[in-house]
Amino acid sequence: MDVLVVNAGSSSVKVVLFDADLVRRGAAAVTGIGGAAQIGGVPCVAPDHQSALSLCLAEMGLRPGALAAAAHRVVHGGPDLRAPCRVTPEVEARIAACVPLAPLHNPANLAAIRALAGLAPGLPHYASFDTAFHATNPEVALRYALPPGAEALGLRRYGFHGISYASIVARWPGLTGGPLPRRLLALHLGNGASACAIRDGVSVATTMGYTPLDGLTMGTRTGGIDGNAVLRLAEVHGLAGAARILNRESGLLGLAGASDMRVLHAAGTDAARFAVAHFCYWAVRHAGSMIAAMGGLDAVAFTGGIGENDAVVRAEIMAGLEWAGLRFDAGANRGAAARLDGDASDVAVWVVPADEERHIAAEALDLIRSAPGGEP
């Protein structure tokens with residue numbers, strides 16, 4: 001019942017092996033696919049995803065025939081793929097149909113599915129979708145105020161980081177020793193950043209929209225921006241140039257010349273301080289919107305590289321949420337404790353380490369066990 005979790009990007013692939021008890025048994029990753037490829041920091045030859053996956057399997061000493069299944073992270077499931085599922089030809093076609101909605105992600109996800117199918121014919125594949133967790137948002141939250149013709153193009157809010165948020169919901173009782181709070185604000189803060197309002201265990205609002213560009217300030221993405229400002233960028237720089245600026249040259253990088261929060265803290269320049277302040281301000285401002293969508297706040301979860309490791313950013317955000325009844329323990333925050341709320345706080349605050357690969361494996365195993373005979 002070993003399950004190989006595959007997380008593929010356009011020029012990288014990461015695999016993690018889990019057994020039937022969700023114990024991690026191994027991992028490998030190849031970066032620079034199609035160029036200066038490396039595996040474990042060592043140069044390698046990986047012109048495509050199939051060769052990269054083959055290298056990962058060899059690095060782990062793993063034969064494809066020893067696997068029960070492969071489970072893939074797929075960024076965009078569109079309006080139809082709203083739950084984890086086995087990959088069939090129809091599902092694969094629907095993932096392909098979502099390529100225009102996620103041109104930087106879904107092609108790579110498909111490439112990994114097809115590549116591993118080539119290496120291990122007959123191996124069952126399962127997919128978990130980053131958009132699926134937010135399918136529970138009410139229609140008023142999902143639909144843009146556009147005419148029907150534009151809506152028909154698929155222009156609506158989908159939301160992302162859903163696997164991360166679903167993992168928080170699933171693991172909260174085991175990590176905290178208490179029940180899932182009724183109104184949970186989850187903050188996934190990293191190079192990509194978003195917030196999610198989770199009420200009674202389901203997403204009711206999130207900050208990312210049609211693409212992962214919207215919402216909070218991010219490493220290289222603008223976050224929320226007026227549509228007419230986008231049109232102006234396109235007028236001056238062309239569509240490709242505007243897309244590059246919005247997705248790859250903005251955010252912390254655009255404000256201060258670096259997308260890594262650690263670099264900004266070390267720089268100590270006015271621009272770096274402003275970029276950090278911008279990140280925290282918009283996190284708090286969007287958090288207020290999420291709290292409104294839930295009708296209050298019972299708990300906050302920080303996850304992602306910044307959320308888990310940056311005490312300065314956490315402190316700024318928590319201070320900005322004092323109006324919601326949050327009081328944090330500064331010493332616990334500096335000491336990287338798991339629980340950060342103080343004695344006088346009406347709101348629980350926890351740091352929840354991201355564990356998306358394990359959640360993807362768990363979803364695949366649930367599907368396998370629920371199938372007739374419990375077989376892949």
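H49 is found in helix α1, and the model in which it is placed here is a predicted one. At a relative accessibility of 10%, H49 counts as buried, the cut-off for that term being under 20% relative accessible area. Leaving aside neighbours within four places in sequence, H49 is in contact with A8, G9, S10, S12, I33, A108, A111 and A115.

Helix α1 covers residues 49-59, and its buried residues are H49, S51, A52, L53, C56 and L57. An α-helix has 3.6 residues a turn, so residues three or four places apart point the same way. The cover over the buried residues of α1 includes the strands β1, β2, β3 and β4 (38-39), together with α3 (106-119). At the start of α1, a side-chain oxygen of D48 comes to within 3.3 Å of the backbone nitrogen of Q50, while after the helix comes G61, whose phi is positive, near 65 degrees.

Several of the strands that cover α1 belong to an open sheet of eight strands, which has mixed pairing and the order β5-β4-β3-β2-β1-β6-β8-β7. Its edge strands are β5 (42-43) and β7 (85-86), each of which pairs on one side only. Within this sheet, strand β1 (residues 3-8) pairs with strand β2 (residues 12-18) in the antiparallel sense over six bridges, and V3 stands opposite F18 in β2. Helix α14 (residues 356-370) packs on the sheet, where it touches β1, β2, β3 (24-31), β6 (69-74), β7 and β8 (125-129), and the direction of α14 makes about 130 degrees with that of β1.

How many of the residues of β8 are buried? Five of the five residues in this strand are buried, so described as mostly covered. In a regular strand the side chains alternate between the two faces of the sheet. In β8, H125, A127 and F129 point one way and Y126 and S128 the other way, and all of them are buried.

A search of the whole structure finds two aromatic pairs. One of them joins W172 and W350, edge-to-face, at 6.5 Å centre to centre and with 70 degrees between the planes. Because W172 lies in helix α6 (residues 162-176) and W350 in strand β13 (residues 348-351), this pair ties together parts that are 178 residues apart in sequence. W172 and W350 are both buried. The rings of Y281 and W282 have centres 5.1 Å apart and planes at 90 degrees, so this pair is edge-to-face. Y281 is partly exposed, with a relative accessible area of 45%, and W282, at 26% relative accessibility, also counts as partly exposed.

How values were computed. Residues numbered from 1 in each chain as written. Predicted model: local features only at pLDDT ≥ 70, side-chain atom pairs only at ≥ 80, totals over all residues. Heavy atoms only, no water. Phe/Tyr/Trp six-rings, centres within 6.5 Å; stacked < 30°, edge-to-face > 60°. Helix = DSSP H or I, 4+ residues; strand = E, 2+ residues; numbered from the N terminus. Buried < 20%, exposed > 50% of the residue type's maximum accessible area, 1.4 Å probe, protein only. Pairing = 2+ DSSP bridges. Contact = heavy atoms within 4.5 Å. Axes fitted to C-alpha atoms, helices over the stretch in contact; angles between N-to-C directions. Polar contact = N/O pair within 3.5 Å; in protein donor to acceptor, adjacent residues only side chain to side chain.
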